[in-house]
Amino acid sequence: MSTNTLTKETALRLSDFFNKSIDPISMAKTIRQVNYILALSLMRESETLKFDKISLENGFYWLNELAETLNPYLDAE
């Protein structure tokens with residue numbers, strides 16, 4: 001896990017992205033939908049996804065972490 005902080009430019013670009021393109025809650029929902037489809041595809045042994053399961057597993061984890069950062073869902077009571 002990396003502990004690097006964002007550069008001012010990166011923080012500005014992220015802020016700009018979420019202010020102009022998509023709100024954090026919608027982005028979190030989209031990430032969760034994509035992760036759901038990826039997980040189903042991996043469980044069903046989709047031929048198109050067999051090539052890089054490790055990379056997809058890592059991506060699944062980090063996308064969930066990002067979704068939780070944008071809109072905590074799993075920690076909600």
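Is Glu-68 buried or exposed? Glu-68 counts as buried, because its relative accessibility is 15% and buried means under 20% relative accessible area, exposed over 50% and partly exposed in between (1.4 Å probe, protein chains only).

1. Basis of the note. The model is predicted, so local features need pLDDT of at least 70 and side-chain atom pairs count only at pLDDT 80 or more, while totals for chains, interfaces and linings use all residues. Residues are numbered from 1 along each chain as its sequence is written, and side-chain values use heavy atoms, with hydrogens and water left out.

2. Salt bridges across the structure. A search of the whole structure finds three salt bridges. The term denotes a side-chain nitrogen of Lys or Arg within 4 Å of a carboxyl oxygen of Asp or Glu.

3. The bridge between H2 and H3. Arg-32 forms a salt bridge with Glu-68, with 2.7 Å between the closest N and O atoms. Arg-32 lies in helix H2 (residues 24–43) and Glu-68 in helix H3 (residues 53–70), so the pair ties together parts that are 36 residues apart in sequence. Helices (H or I, at least four residues) and strands (E, at least two) are DSSP runs, numbered from the N terminus. Arg-32 is partly exposed, because its relative accessible area is 21%.

4. Arg-13 and Glu-9 meet through their side chains in a salt bridge of 3.8 Å, N to O. Both residues lie in helix H1 (residues 8–20), four residues apart, about one turn of the helix, and both are exposed. In Asp-16 and Lys-20, which also form a salt bridge, the closest N and O atoms are 3.2 Å apart. This pair too lies in helix H1, with four residues' spacing, about one turn of the helix. Asp-16 counts as partly exposed because its relative accessibility is 36%, whereas Lys-20, at 67%, counts as exposed.

5. The nonpolar core. The largest nonpolar core has five residues in all: Phe-18, Ala-28, Ile-31, Ala-67 and Leu-70. H2 and H3 are the elements that give two or more residues to this core. Such a core is a set of buried Ala, Val, Leu, Ile, Met, Phe, Trp, Tyr and Cys residues joined through side-chain atoms within 4.5 Å. In soluble globular proteins, nonpolar side chains tend to be buried together. Not counting residues up to four places away in sequence, Leu-70 touches Phe-18, Pro-24, Met-27, Ala-28 and Ile-31; contact means heavy atoms within 4.5 Å.

6. Tyr-73. This residue is placed in the segment after H3. Tyr-73 is exposed, because its relative accessible area is 54%. With residues up to four places away in sequence not counted, Tyr-73 touches Arg-32 and Glu-68. Tyr-73 and Lys-29 are 44 residues apart in sequence, and their C-alpha atoms are 9.8 Å apart in space.

7. Aromatic pairs. A search of the whole structure finds two aromatic pairs. Phe-17 and Phe-18 form an edge-to-face pair, at 5.1 Å centre to centre and 75 degrees between the planes. Tyr-61 and Trp-62 form another edge-to-face pair, at 4.8 Å centre to centre and 80 degrees between the planes. Rings of Phe, Tyr and Trp (its six-membered ring) pair if their centres lie within 6.5 Å; planes under 30 degrees apart count as stacked, over 60 as edge-to-face and the rest as tilted. Phe-17 is partly exposed at 34% relative accessible area, as are Tyr-61 at 44% and Trp-62 at 46%.
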